[in-house]
Amino acid sequence: MIVRLRYGRDLLTADLRGLRCQELKPATPRLVVPLAELVRASLDRPATGPPLHELASGRRVCTILVPDATRSASLPEVLPPVLHRLASAGLRPNAITVLVACGTHPPVPDAEVRALVGSLPAGMTLIQHDARDESVLRPAGTLPSGLAVRLHRALLDADLVVAISKVQHHYFAGFGGGPKLVFPGVAGYDEIQANHARVLDLAATPPRRHPGCEPGRLTGNPVAEEIAAASALRTPDFAVLLVDAEEGKPAWSEGGPLSACFPAACARAREMFELPGGPFDRIIVSAGGAPRDHTLIQAHKALDAACRFASPGAEVVFVAACDGGAGSPAMEPFLADPRPERILELLAEHYIQYGQTTLRLVEKTARFRVTALSALPAALQTRLGMTPAGDLGAILDRWREEAPGATVAVFPGPPVFPARPTDPVVQ
């Protein structure tokens, strides 16, 4: 069998003849409804409550929350019908702001963000959230945990908030999308770090990652529970939630109040992205190509997911261009000395979310033989416990010699996860 794997903007060919290939991909529905029909039904026949055009009637100022390119939600196709219904309710373009929920990701050049959202009517405002820009943040409330939350003023000033997002597993917050579009999507940098710091259990000896902070888990997950509480400080009035199929095109959508849509979206994501399988001794995982493999911060999520199917000591081939490098200068202190004990010491002194990313990565390279096909500097790969490789074919030839006919699990992307017991969805 020959498999093509995304690598940056290119494709790599994996010739698996002589080996037994088992591809693990999302369980895409046999019949995928066209996106235009999915969106139309979400807007006009929501899960509960009035359709969007009725809800928007009489509103003066609207903010539309959308994700950035790392969590794109087919915005050029989804935004126009949303804008059409807002216009039919009497909202003019100059009364509407499209706010890109970047979280802590840096803003991108104007041309990139315009390509992300597609064509907008003249007079409509487009803003990329900058978590470090204190001038755009306003107090939204204090959580029971004591965390004071600030949110972007464009969110708090609006009397109608519409949120569009893709719901997918998140490697420590349970699920991405939904409430995450509000928090951390348009929150302040300090409170985002405080929330993400809950991934560590500093009360344990020695400190450890909190066992509840896992993909697909919301109940008992301190990060997810705080995200839900923070997003409730200004929950969207209407949400359009999407779940992607195998090729990154939405296969499911629902609209209406977030409290109704998000549990349904999580349930559908579980059905499609949680699979039986493994453990496997040999794995090939692609991070999914650009933009998902542009940086190590983004690409490692695919490795994290695939390693959940690996047997102890398995060899895992990690295909990720990472031509954008690590992805944040804040990661550099952890990359300089990536021993787990040193990372935990630094995080206990001052939490930085990308330290936790580095910790998860070196935990994987300590447990498995990770061979990387990547543009990352070879010295950095080695320091992180990975073996640099330049030729996928040579690895496959070695596997054929070592174990003819052996099973190779291939994860071409997007990430899938082992099936697990269902937790109730918290809001």
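**Stop 1: a proline to begin with**

Select P184: this residue is buried, with a relative accessible area of 6% (buried means under 20% relative accessible area, exposed over 50%, and partly exposed in between, using a 1.4 Å probe and protein chains only). P184 sits in the loop between β11 (174–176) and α6. Helices here are DSSP runs of H or I with at least four residues, strands are runs of E with at least two, and both are numbered from the N terminus.

Before you go on, note that this is a predicted model, where local features need pLDDT of at least 70 and side-chain atom pairs count only at pLDDT 80 or more, while totals for chains, interfaces and linings use all residues. Residues are numbered from 1 along each chain as its sequence is written, and side-chain values use heavy atoms, with hydrogens and water left out.

Now show what P184 touches: leaving aside neighbours within four places in sequence, P184 is in contact with G103, I192, H196 and I227 (contact means heavy atoms within 4.5 Å). Then draw a distance from P184 to R20: the two are 164 residues apart in sequence, and their C-alpha atoms are 42 Å apart in space.

**Stop 2: a helix under cover**

**Stop 3: two helices crossing**

Next, select helix α1 (residues 35–44) together with helix α3 (residues 75–88): their axes come within 10 Å and cross at roughly 35°. Axes are lines fitted to C-alpha atoms, for helices over the stretch in contact, and angles run from 0 to 180 degrees between N-to-C directions. On the α1 side, show L35, V39, R40, L43 and D44, and on the α3 side E77, V78, P81, V82 and R85, which together make the contact.

The phi of S74 is near 50°, a positive value in a residue other than glycine. Is S74 buried or exposed? At 13% relative accessibility, S74 counts as buried.

**Stop 4: the cores**

Now for the nonpolar cores, each a set of buried Ala, Val, Leu, Ile, Met, Phe, Trp, Tyr and Cys residues joined through side-chain atoms within 4.5 Å. The largest has 91 residues, and those with the most contacts inside it are L65, I283, V285, F318 and F411. Helix α8 (residues 258–273) gives the most to this core, with eight residues. A second, separate core of 35 residues includes L43, I64, V100 and L120.

Zoom in on L65. Not counting residues up to four places away in sequence, L65 touches L99, L155, V161, V162, A163, I164, L181, V182 and V186.

**Stop 5**

Then pick C322, in the loop between β18 (310–319) and α10 (332–336). C322 has a phi near 50°, a positive value in a residue other than glycine, and is buried, with a relative accessible area of 2%.

**Stop 5: a glycine in a helix**

Select G355, which lies in helix α12 (residues 353–367). At 0% relative accessibility, G355 counts as buried. Residues up to four places away in sequence aside, G355 touches F334, I343 and L347.

**Last stop: zoom out**

Show the whole protein chain, which has 14 helices and 22 strands. The C-alpha trace spans about 70 × 50 × 40 Å along its principal axes. Buried residues make up 55% of the 427 residues. Among contacts between residues at least 6 apart in sequence, 73% join residues at least 24 apart.
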